[in-house]
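Here is a short briefing on one protein chain.

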Amino acid sequence: LVGINYRDTRNELRGCINDVNNTKVFLMERFGFQESDICMLTEDEREINWPWKNRIIQGFAWLLKDAKEGDHLFIQYSGHGSQ
């Protein structure tokens, strides 16, 4: 789950971290995911763990490394987007 508010920038958002926090609770309560099943990337972490490009790529690798047929994988990005 990736939530980026772009803190202290002119493009700052206000609800993206809240979005992924709410999704985490939903996944755990509704679908029985364990906290250890969920990778959170937000600016609430130490800056070294913020959701920079490389950390997001690492998150994809973490998600896929033990995936097998029949698994349910969920990805959420909440933040600005561009092409």
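A residue counts as buried under 20% relative accessible area, as exposed over 50%, and as partly exposed in between. N11 has a relative accessible area of 40%, so N11 is partly exposed. The model is predicted. The protein chain has 83 residues, and buried residues make up 27% of them.

**Overall fold**

- The protein chain holds two helices and three strands.
- Along the sequence these elements follow the pattern β-α-β-α-β.
- The C-alpha trace spans about 45 × 25 × 25 Å along its principal axes.
- Among contacts with a separation of 6 or more, 50% join residues 24 or more positions apart.

**The sheet**

- The three strands make an open sheet with parallel pairing, in the order β2-β1-β3.
- Strands β2 (41-42) and β3 (77-78) stand at the edges with a single partner strand each, so one side of each has no neighbour in the sheet.
- In general, strands of a sheet pair through backbone hydrogen bonds, either parallel or antiparallel.
- Strand β1 covers residues 2-3 and is joined to β2 by two bridges.
- G3 has T42 in β2 as its bridge partner.
- S78 belongs to strand β3.
- At a relative accessible area of 8%, S78 falls under the 20% cut-off and is therefore buried.
- Beyond its neighbours within four places in sequence, S78 is in contact with V2, G3, I4, C16, D19 and V20.

- Is N5 buried or exposed? N5 has 7% relative accessibility, so N5 counts as buried.
- Not counting residues up to four places away in sequence, N5 touches N11, E12, L13, R14, G15, C16, I17 and E43.
- N11 lies in the loop between β1 and α1 as well.
- With residues up to four places away in sequence left out, N11 touches N5, Y6 and H80.
- N11 and L63 are 52 residues apart in sequence, and their C-alpha atoms are 29 Å apart in space.

**Nonpolar core**

- In soluble globular proteins, nonpolar side chains tend to be buried together.
- Which residues form the largest nonpolar core? Its five residues are L1, V20, L27, I38 and M40.
- I38 is in contact with L1, K24, L27, M28, F33 and W62, leaving aside neighbours within four places in sequence.

**Largest pocket**

- The largest pocket holds about 530 Å³ of space.
- It is lined by 23 residues, and D37, W62, L63, L73 and F74 are the closest to its centre.
- Helix α2 (residues 53-65) gives the largest share of this lining, with six residues.
- The lining of the largest pocket divides into 15 nonpolar, four polar and four charged residues.

**Second largest pocket**

- The second largest pocket has about 160 Å³ of space.
- Its lining is made of I4, Y6, T9, E43, W50, P51, W52, I56 and Y77.
- By type, the lining of the second largest pocket has seven nonpolar residues, one polar and one charged.

Terms used:
Residues are numbered from 1 along each chain as its sequence is written. This is a predicted model: local features need pLDDT of at least 70, side-chain atom pairs count only at pLDDT 80 or more; totals for chains, interfaces and linings use all residues. Side-chain values use heavy atoms; hydrogens and water are left out. On a 1 Å grid over the protein atoms alone, a cavity is a set of points where a 1.4 Å probe fits but cannot get out, and a pocket is an open set with protein on both sides within 12 Å along at least five of seven lines; lining residues have an atom within 4 Å of a point. Grid points are joined across faces, edges and corners, and a volume is the space filled by probe spheres set on the points. Helices (H or I, at least four residues) and strands (E, at least two) are DSSP runs, numbered from the N terminus. Ala, Val, Leu, Ile, Met, Phe, Trp, Tyr, Cys and Pro count as nonpolar, Asp, Glu, Lys and Arg as charged, and the others, Gly among them, as polar. A nonpolar core is a set of buried Ala, Val, Leu, Ile, Met, Phe, Trp, Tyr and Cys residues joined through side-chain atoms within 4.5 Å. Buried means under 20% relative accessible area, exposed over 50%, partly exposed in between (1.4 Å probe, protein chains only). Contact means heavy atoms within 4.5 Å. Two strands pair if DSSP finds at least two bridges between them.
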